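Welcome! Here is a short tour of a few places in this structure, for someone meeting it for the first time.

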Amino acid sequence: MADEPHTSASGARVLRVRLDGRLDGRFDAVIGQLAERYEQLPQRRLVVIGEPGAGKTVLATLLTLGLLGARQPGGRVPVLLPVSTWDPVREPLDDWIVRTLAVPYYSGRQEIPRALLAHGLLLPVLDGLDEIPESARRGAIRGINHAIGGERPVVVTCRAVEYEELIRGGAPTLRQAPVVEVTPVPPRDVIGYLRDVDWPEGGSGWDGVFARLRAEPSGPLAEALSTPLMVTTARLVYQRGGGDPAELLDRERFDCRYAVEDHLTHRVVDATYGSDPGVPEGAPAGEPWGAERARRWLTFLARYLHDHRERDLAWWLVSGRVLPVWAGPVLAFGLGLLLAVGAVVWTAATRGFGQALSSNDVLVPMYIGGAFALISCLIWYAAGTRPPGRLSFSLRGSAGRLRRGFRLGVLLGAAAVVPVTAGICVFRVLTRTPGPGSLQAAAEVSESLMACATLSLVVGVALAAHNWLNAPPSRATQASPMKSYAQDRRSALAGASVGGLVVGAAGLLGLHAGQLAGDLVFRALTDWPGLPGTGDVSDSGALKWRQDNEALGLDSHGWGMPFVLPGVAFALFILMTRAWPRFLLAKVWLAASGQLPWRLFAFLGDARRREIVKQSNSTYQFRHIRLQEALAGEPAYAGGSTSARPGVTGGVRRRLVLSAGAAAVLGGGVALIGRHEDQGEVLYWDPDEVPMTAVVFRPNSDEVVWGAEDGRLWRGHLRWNRSLLGRVRLTASEEDDVIDRGVTGLAFRPDGGVLAVGRRDQLKLWNTHGKSEWRTIGRAGMATSGLAFGDGYLSGYANHGPFHTLLRIDEEGQPKEIDIGGGDPYLVASGWLRGNSLVLVGKDGQVRLHAAPTFAKGPGVPLMGAPQGEDLLNSELVVSPHDDCLHLNALASGLPEHSGLWRPDPRDGKWHKTGHVPSPSSVAFHPRKPFLALSRTFPSEEWYGDGTIELWRTDGTPSHWKSLYGHMSEVHSMSFNSNGTKLASASYDGTVRLWNIGHLP
């Protein structure tokens, strides 16, 4: 060994020590000697330089092993770190060291390596400074000097030429670090090594090579074989590939050392994977790789590494770089379709394959599959590249892991659930409600908001359990590519299983809880509209739970839809974030396209045994950068540029934006929901959600009677409890037509002594004075809709046919049917004007008056502005009790509905339209003031009425005055009390409501 002083351009003095390349003695003695000499250095800092392939990495490895063997408890731990992945411009050395150690040894957790570094318990051996791009090498030296300060030890290896160029170019020297240069292998050692190799037959050509090495120790051949890399490469080429080494003596082909090196480097793959001349004929063959396919696969890997300016083949980074951009969506939609089909099959199996499935049985799984695909796409692109994990159990620190996992799960759950839920909410608002401004839309928004919150909490609990399994390892694990792959596979499957079990067990409960909470919030903010509308939380909760359970409960779908499907879906979500499934997909893609073998790890392991690649922690590397460059077809880092690492986003700014967005969504939702406050009170709600079809106030009292679609009838008083009056018994022939036997109309005689109850083809009269009794009149085609009393008379009409009913009702309530006759055309509506005149509207659109008691037919008077000429299909007529004002809602063939108010003009004797009002499902005139109440319709497949009641002024041109919110479905019937201070309404949402309207002007 000899010392050679050298002064850098910056004036620093460098002590350069030459090592002649010979380390004598047994292996343990050699590494012990290296460690001992290193410990004698004052600052324990060292720079190792040498030619490419001279053995710098081997020397650094031997030194690391020696220092490990000599380490005492509490001493520094030497770690060999290839620095080719360090970007000194973007990342400080200490952060890179921590990250590099955390991924292979500590499952990506940085706590332990950071603590070791902070306490001075790590001795970094930085191998391959020359493999950092040239433009960043000066920054690397500065970064190392800044990190080590005045006391921390370090070892750095670098090519001699590159290091000397750095020093001559003015780069700072590594502070207080002597430089050791590994000198070339002398010809005598090369000859001694190659002579001891067991060459196949025909290997006598080495004699000429040996003679050239002795005669020309400075010639091209001797220079090429002066490094251990080229010597071992020559051995591989001519021992496994055969051929005559005498070809290396051709001075024209090999006129310089680089020609020899390139020749050997390019032949090493074919030679290594060729048939082994030393294997006897008939011996069993090894792996079926073949030289041609092996070269193609290795070339792909070399170009892959070159394209990403790397030497380490990290398997967990492959998927993010080689998969096409559409791979994630295709996988997501494929899995979503598979889940949807599986759910449909499961439902069919649960109910029995012989039973027909409804449209919802197919649509609901399809919706779920679509939502899964959308969330999977978001997860695929948001998860990015994740290092491999390791399954680790520990009770220590459980609270912190659970807390962090829960917090992350809530945020990720919200990020995934909110877009999907918002899309579903918008779809339902546009297709299953009367519109964005309706009460039903507000209910959808409220339930969606709360479902997002509860489902995010469920995801938080699931990820808390998942994160609990990811405890920081108590010690480092042995690192290898296959081991890290197997560990991540176990960790991914265990984490996905635990998360899936949590979501499967609690997901449906969370959805129910969210919808229930949303329903309660909606009803609390709007004063409890719709069913049940009582203000009792237990009533609303029980009803909502039953509705949700019918939609997604065990009775309709078994265990599949409510529990198994959410659990499997969430387990797949977790798997899509892990390195193992993504790499599996990338491996299938590359193997199917012929770029890599199906058994990639077996191939790389075999390549390592053949000395083509080497293992570096959890990654593979080509045995030397020269081989990687040769296979890639061009030098690595040709441009000298470094890929920019994404900058760290501002955490505070992100939290502010998320908080502001959440506040805006919550505030907007509350504002939308709260604008529809319920202004009524519930008189009755049906636990079975049977639609209420008719309601009427008893004259001069606060008693109310209402009927339901199933034929039941009730009466109630504003100060009494409601009581069941009776229910019609259906005959056997009517059992299959229950709806058609429901209550179609109710009307009280003006004195309140007789109640008329209409059902299809049947009219029942109840005498409320004296002995209460029912009288029934029934015949085919009896008209029982639009029941209205005149003075001693009852009329009705039918929407479904050319029928009209007129009865005389005596004081005892005895009915007698009257036939007005006269050959009137198809009657479509009737009512009573002041003066006890019956007004009839015919199919021809004309009004005819029939005055009691003779009911002589008057002349037909046209309704100006209404359809004329035998084309009215259906009409609904309501007459104002305090003036001769008609409301007619007429449906004409091929024309839109005509809804408006008409009054007679004494000047021409015609009825003139005073104005248009919306087409209603129900209308009632105020008994004393010029107002009417109507509930408008929205003819569509999903909605006929939204339940909103509108009050309109009728004096002059009709004008909207106020809206009343509370019902959640079509209002089928309305009635004012005698003094006009109360309005009763019956709705298909199963409720009867009362409204205080005594404040009308």
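Val503 is buried, with a relative accessible area of 9%; buried means under 20%, with a 1.4 Å probe and protein chains only. This is a predicted model, where local features need pLDDT of at least 70, side-chain atom pairs count only at pLDDT 80 or more, and totals for chains, interfaces and linings use all residues. Residues are numbered from 1 along each chain as its sequence is written, and side-chain values use heavy atoms, with hydrogens and water left out.

**Around Val503**
- Val503 belongs to helix α18 (residues 481-525); helices here are DSSP runs of H or I with at least four residues.
- Val503 touches Val458, Ala462, Leu508, Pro566 and Phe570, leaving aside residues up to four places away in sequence; touching means heavy atoms within 4.5 Å.
- From Val503 to Ala569 there are 66 residues in sequence and 9.0 Å in space, C-alpha to C-alpha.

**A helix pair**
- The axes of α16 (residues 398-432) and α17 (residues 439-468) come within 5 Å and cross at roughly 150 degrees; axes are lines fitted to C-alpha atoms over the stretch in contact, and angles run from 0 to 180 degrees between N-to-C directions.
- That makes α16 roughly antiparallel to α17, a word used for angles over 145 degrees.

**A hairpin**
- Strands β11 (residues 692-697) and β12 (residues 703-708) pair in the antiparallel sense over five bridges; strands are DSSP runs of E with at least two residues, and pairing takes at least two bridges found by DSSP.
- Five residues separate β11 from β12 in this hairpin, and Asn700 in the turn has a positive phi of about 60 degrees.
- Val696 stands opposite Val705 in β12.

Methods:
Parallel < 35°, antiparallel > 145°, perpendicular 65-115°, else oblique. Buried < 20%, exposed > 50% of the residue type's maximum accessible area, 1.4 Å probe, protein only.
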